[in-house]
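Dear colleague,

Please find below the structure that I am handing over to you. My notes on it follow directly after.

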Amino acid sequence: MPITIRHEEALTLNYEVAGQGLDVVLVHGLGLSSMKTWIHQVPELSKHFRVHTYDVRGFGGSDNPTGKFSVQQHAYDLYALLRELKLEQVVLVGFSMGGWISQQFTLDHPEMVK
């Protein structure tokens, strides 16, 4: 489902959630460029957790209205998404570019990461 976040500009991110429990956010990498990367992990993880997946800015079904593309921008987008969803603390899982985004997010907002 598309969700619009607003910070510097309106940005529409493609987003899905499955399951219940502790919030786990999966952040995809560059080479596998959408939340579909997690197609095999989400069914298993959602048996125990509430699993959030999204397409980062400019990938899959998410737009990129300003053409910005940096790890810092993606980390800020993740922050805005979690604020929009009213999630105060999550477990982050990422690989490749998603790992960089997760690391930057954790450095910027350590209180929001379990």
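Is Tyr76 buried, partly exposed or exposed? Tyr76 is partly exposed, as its relative accessible area is 36%; buried means under 20%, exposed over 50%, and partly exposed in between, with a 1.4 Å probe and protein chains only.

Please note that this is a predicted model, in which local features need pLDDT of at least 70, side-chain atom pairs count only at pLDDT 80 or more, and totals for chains, interfaces and linings use all residues. Residues are numbered from 1 along each chain as its sequence is written, and side-chain values use heavy atoms, with hydrogens and water left out.

Aromatic pairs

Rings of Phe, Tyr and Trp (its six-membered ring) pair if their centres lie within 6.5 Å; planes under 30 degrees apart count as stacked, over 60 as edge-to-face and the rest as tilted. By this rule there are 3 aromatic pairs. In one of them, Trp38 and Phe95 are edge-to-face, because their ring centres are 5.5 Å apart and their planes stand at 75 degrees. Trp38 counts as buried at 8% relative accessibility, whereas Phe95 is partly exposed at 30%.

Tyr76 and Tyr79 form a tilted pair, with 6.1 Å from centre to centre and 40 degrees between the planes. Tyr79 is partly exposed, with a relative accessible area of 24%.

Gly94

Gly94 is partly exposed at 31% relative accessibility. Leaving aside residues up to four places away in sequence, Gly94 touches Val27, Gly99 and Ser102 (contact means heavy atoms within 4.5 Å).
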